[in-house]
Amino acid sequence: MSSISKGSDGNLNKGLEKVQVAVKWDPSPLGEPTCDLDIVAGTYSAEDPYGDPVYLVHFDSRSPDGTITLTRDSRNGLGFGVDEAMTLELYRMAPTFARVVVGVAIQQGEGRRTFGGVRNSAVQILNGPAELARDDFESVSGALAATVAEFRRDADGAWEFRKTLRGYDADPNAFARLMGERTP
């Protein structure tokens, strides 16, 4: 179910201002441990865009400047539609930030759980009403966490989107340290 769509202006990924990353999944079957997916965003400075994140937003938090907010947080996938949502107001971010990487991590409370073991999981990335990307995590089904998007500031200061679905065999804490590394 991987797909990427062009925005209404025909431009796939440039000049982004406010985006939303949304994740959904079905609750665990009766008798099985609860499944909890979490959206994680790391911000990186222009001086060191592949170093340690300046800050992380995850697990019911927001950025210090209010530009990245977890607007919906589910611990079990119950309900209809989106279970977790994060809004990134890229246009408000200080020029000292050059990169934002967004990922999804599975909480590993009771045993090892991969995306392949999470029923009907999916991520959708929107720029206003325009869909930038959608994926069902099938290509990273053996992973415990995955990056889903990278937003970079270009030379003119405009934000652009790159779909970066990449799986990690790491728990949420380790994933938060690894997600912004340079990829081959």
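At 3% relative accessibility, phenylalanine 115 counts as buried, where buried means under 20% relative accessible area, exposed over 50% and partly exposed in between, with a 1.4 Å probe and protein chains only. Phenylalanine 137 likewise counts as buried, at 1% relative accessibility. The model is predicted, and local features need pLDDT of at least 70, side-chain atom pairs count only at pLDDT 80 or more, and totals for chains, interfaces and linings use all residues. Residues are numbered from 1 along each chain as its sequence is written, and side-chain values use heavy atoms, with hydrogens and water left out.

The structure holds 4 aromatic pairs, a pair being assigned to rings of Phe, Tyr and Trp (its six-membered ring) if their centres lie within 6.5 Å, with planes under 30 degrees apart counted as stacked, over 60 as edge-to-face and the rest as tilted. One of these is the stacked pair of phenylalanine 115 and phenylalanine 137, with 4.3 Å centre to centre and 5° between the planes. Because phenylalanine 115 lies in the loop between strand E8 (97–106) and strand E9 (122–127), and phenylalanine 137 in the loop between strand E10 (130–135) and strand E11 (145–153), the pair ties together parts that are 22 residues apart in sequence. Strands (E, at least two residues) are DSSP runs, numbered from the N terminus.

A tilted aromatic pair is formed by phenylalanine 151 and phenylalanine 161, at 5.7 Å centre to centre and 45° between the planes. This pair links distant parts of the chain, with phenylalanine 151 in strand E11 and phenylalanine 161 in strand E12 (residues 159–168), 10 residues apart. Both phenylalanine 151 and phenylalanine 161 are buried, and phenylalanine 161 is also the bridge partner of phenylalanine 151 in E12. E11 and E12 pair in the antiparallel sense over 8 bridges, two strands being paired if DSSP finds at least two bridges between them.

These two strands belong to an open sheet of 6 strands, in the order E2-E12-E11-E8-E4-E5, in which the pairing is antiparallel. Strand E2 (14–16) and strand E5 (55–57) stand at the edges, each with a single partner strand, so one side of each is left without a neighbour in the sheet.

E9 and E10 also pair in the antiparallel sense, over 5 bridges, and leucine 126 stands opposite glutamate 131 in E10. Their hairpin has 2 residues between the strands, and within it glycine 128 takes a positive phi near 65°. Since 5 of the 6 residues of E10 are buried, this strand is largely enclosed by the rest of the structure.

Notes:
Helix = DSSP H or I, 4+ residues; strand = E, 2+ residues; numbered from the N terminus.
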